[in-house]
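Biologist: Walk me through this structure, please. I would like to start with its pockets and then turn to its rings.

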Amino acid sequence: QLRRQARERREYLQRRAREQQQQRQRERRESLKRALDENRLLPTELRHEALALQKELEFDFEAPAGTGDNQDDEYRWAGLEPPKVMVTTSRDPSSRLRLFAKELCLLLPGARRMNRGRAELGALVGACRAAGVTDLLVLHETRGRPDGLTVSHLPHGPTAYFTLSGAVLRQEVGGLGGAPLAAPHLLLLRLDSTVGTILKHLFPVPRPESRRVVTFANEDDVILVRNHVYRRRGRTVELEEVGPRFQLRPYLIRLGTLEQGDAADVEWRWHPYTATAPKRRLLSAT
């Protein structure tokens, strides 16, 4: 089993490296083509390989939509089957963190909650991988206040780390008596990056008649999460918030799974002291 996981991980990394190399080669060919079409000097980095790239352009063609390379290989087949999400907490959780984990399972259709107990991360991830779980969510707290969320996509990653703030439970929000269990429609506002891809694939494909909406709104790199149910009354639409309500701020994305820790490569890291004014909105950058 360990050799099989190591082989699958090695093959995944090889595919990813090959796709990245093909993407860089494609960008060089496009840069050369633009320079030739606009009748301007070639870029300095392309002058030594311009003849070879020009020969490749003779056999280059436009690939049909949806058939190109996909660097996020883990999400290539997402949507064909509903995701299997497992929610757990840090060790010895408080009563509020347990209740928030239950309500997070209500927010994610089909998600299940698992008591952490004394299980280590390696055994936890191994059990989820063997059970066919697609995403493992781990909630953290400080003095009874939920303040962290880790989303690890299985079997090979990526793993996203979020700070969690402003958690408001369903009973504190008010709203409907029963929790809506239908798959929601998703609204991702200014969230076109890898973080948006990770969050939206936690939800199954909704039915057209679903009356539930989950919103992920990016406001200056802080993601506002809201859960609503809407009703039609004539020509008007009424929204009612059913909770829970919280905010997320991503600060790290690693290419591996949760148990690999610092051994996994860093795909993205939040640098608060190097982000200048023109570069502040990082999550909506395509």
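**Pocket, cavity and rings**

Modeller: The largest pocket is lined by 32 residues, and Trp77, Ala78, Gly79, Glu81 and Thr134 lie nearest its centre. The model is predicted: local features need pLDDT of at least 70, side-chain atom pairs count only at pLDDT 80 or more, and totals for chains, interfaces and linings use all residues. Residues are numbered from 1 along each chain as its sequence is written, and side-chain values use heavy atoms, without hydrogens and water.

Biologist: Which helix gives the most to the lining of the largest pocket?

Modeller: A pocket is an open set of points on a 1 Å grid over the protein atoms alone, with protein on both sides within 12 Å along at least five of seven lines; lining residues have an atom within 4 Å of a point. Helices here are DSSP runs (H or I, at least four residues), and strands are E runs of at least two, numbered from the N terminus. α1 (2–37) and α4 (121–130) each supply at least two lining residues. The top contributor, with three residues, is α1.

Biologist: What volume lies in the largest cavity?

Modeller: In a cavity, a 1.4 Å probe fits but cannot get out. The search finds three cavities of 30 Å³ or more. Volume is the space filled by probe spheres set on the points, which are joined across faces, edges and corners. For the largest cavity that is about 80 Å³.

Biologist: Which elements give two or more residues to the lining of the largest cavity?

Modeller: Among the lining residues are Leu104, Phe203, Phe216 and Phe246. Two or more lining residues come from each of α3 and β10.

Biologist: How many residues apart in sequence are the parts tied together by Phe100 and Phe246?

Modeller: Rings of Phe, Tyr and Trp (its six-membered ring) pair if their centres lie within 6.5 Å; planes under 30 degrees apart are stacked, over 60 edge-to-face, the rest tilted. Phe100 and Phe246 are edge-to-face, at 5.6 Å centre to centre and 80 degrees between the planes. Phe100 lies in helix α3 (residues 95–107) and Phe246 in strand β10 (residues 245–254), so the pair joins parts whose separation in sequence is 146 residues.

Biologist: Is Phe246 buried or exposed?

Modeller: Buried means under 20% relative accessible area, exposed over 50%, partly exposed in between (1.4 Å probe, protein chains only). Phe246 has a relative accessible area of 4%, so Phe246 is buried.
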